[in-house]
Amino acid sequence: QVQLVDSGGGLVQAGGSLRLSCAASGRTFSSYAMGWFRQAPGKEREFVAAISRSGGITYYTDSVKGRFTISRDNAKNTVYLQMNSLKPEDTAVYYCAADLRGVGTVVAGRSDYWGQGTQVTVSS
């Protein structure tokens, strides 16, 4: 089992940057594929980015490609989401996700483990 703690959200102007972090408990972090999702008010949760266990494979939703970067540090049990060139439409609560079954399960939104969420607000 793993517990996830999201952090790093905040208020930023359009064009700015934020880096989200997700710290995981346990000694088997490298066994989990990881990802980030977001949910804006009145909308369904949507996939943002995912990364394989080793970090060698990444996936992004089209709207964030070239602006967001997912990475992980298995020695620190942490996954990151670097968000640049932020837009007002990026405003949402961001959640990290983890699953032993691999990155495909994470991308599909079927992860077993989720963080509590961190609010990102981008002002125009």
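Which residues have the most contacts inside the largest nonpolar core? Let's look at this predicted model one close-up at a time.

**Close-up 1. The largest nonpolar core has 30 residues.** Leu4, Met34, Trp36, Leu81, Met83 and Tyr94 are the residues with the most contacts inside this core. Two or more core residues come from each of strands S3, S4, S5, S7, S8, S9 and S11. In soluble globular proteins, nonpolar side chains tend to be buried together.

**Close-up 2. Cysteine 22 and cysteine 96 form a disulfide.** A search of the whole structure turns up one disulfide, and here the two sulfur atoms sit 2.0 Å apart. Because cysteine 22 belongs to strand S3 and cysteine 96 to strand S9, the pair ties together parts 74 residues apart in sequence. Cysteine 22 is buried, at 0% relative accessible area, and cysteine 96 is buried at 0% as well.

**Close-up 3. Arginine 38 meets glutamate 46 and aspartate 90 in salt bridges.** The N to O distance is 2.6 Å to glutamate 46 and 2.9 Å to aspartate 90. Aspartate 90 lies in the loop between S8 and S9 and arginine 38 in strand S4, so their pairing links parts 52 residues apart in sequence. Both aspartate 90 and arginine 38 are buried, while glutamate 46 is partly exposed at 34%. Shared partners join Arg38, Glu46, Arg67 and Asp90 into one salt-bridge network.

**Close-up 4. Arginine 101 and aspartate 112 form a salt bridge (3.2 Å, N to O).** Both arginine 101 and aspartate 112 are exposed.

Terms used:
Residues are numbered from 1 along each chain as its sequence is written. This is a predicted model: local features need pLDDT of at least 70, side-chain atom pairs count only at pLDDT 80 or more; totals for chains, interfaces and linings use all residues. Side-chain values use heavy atoms; hydrogens and water are left out. A nonpolar core is a set of buried Ala, Val, Leu, Ile, Met, Phe, Trp, Tyr and Cys residues joined through side-chain atoms within 4.5 Å. Buried means under 20% relative accessible area, exposed over 50%, partly exposed in between (1.4 Å probe, protein chains only). Helices (H or I, at least four residues) and strands (E, at least two) are DSSP runs, numbered from the N terminus. A disulfide is a pair of cysteine sulfur atoms within 2.5 Å. A salt bridge is a side-chain nitrogen of Lys or Arg within 4 Å of a carboxyl oxygen of Asp or Glu.
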